[in-house]
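Hi,

Here's the structure I promised to pass along.

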Amino acid sequence: PLIPTEVPEEFGAPTCRASKGESGLKLQILYESTEHYLFFGYMQISKENAGIVEKNNQSVASWDFGGVKHYYFADNGMEKVVWTNGSFECHASGSMTEEEMSQVIESIYGG
């Protein structure tokens, strides 16, 4: 499971993009409203092409949904979550609260 089943009501239909390159499949989903956004990026990975996530010096929390550990942090006013699910490196970011982000991520696993 990669795609959320619930997002805040203010968002309409998402803009979706998919591409395939040398490193594998890449998916992007963008939800937008007049004041907020929510972005999901998924990249098929192997040991050779795993990404790097940078953050500031604030603490990192973790959530466990669907048996998958998700790392949550706020960085420069933006909420971010990163995790690996199967062969996909996953990233979500948006201008929303921690609670809203948690609910959206949990919805990926039917919660």
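Asp75 is buried, at a relative accessible area of 8% (buried is under 20%, exposed over 50%, partly exposed in between, with a 1.4 Å probe and protein chains only). Its side chain meets that of Lys80 in a salt bridge, 3.2 Å from N to O (the cut-off: a side-chain nitrogen of Lys or Arg within 4 Å of a carboxyl oxygen of Asp or Glu). Lys80 is buried as well, at 16%. Searching the whole structure turns up one salt bridge.

A word on the source: this is a predicted model, where local features need pLDDT of at least 70, side-chain atom pairs count only at pLDDT 80 or more, and totals for chains, interfaces and linings use all residues. Residues are numbered from 1 along each chain as its sequence is written, and side-chain values use heavy atoms, leaving out hydrogens and water.

As for the fold, the chain has one helix and seven strands (DSSP runs: H or I of at least four residues for helices, E of at least two for strands). The order from the N terminus is β-β-β-β-β-β-β-α. Of the 111 residues in the chain, 33% are buried.

One more: Glu35 sits in the loop between strand S2 (24-32) and strand S3 (37-44), and Glu35 is exposed at 66%.

Cheers
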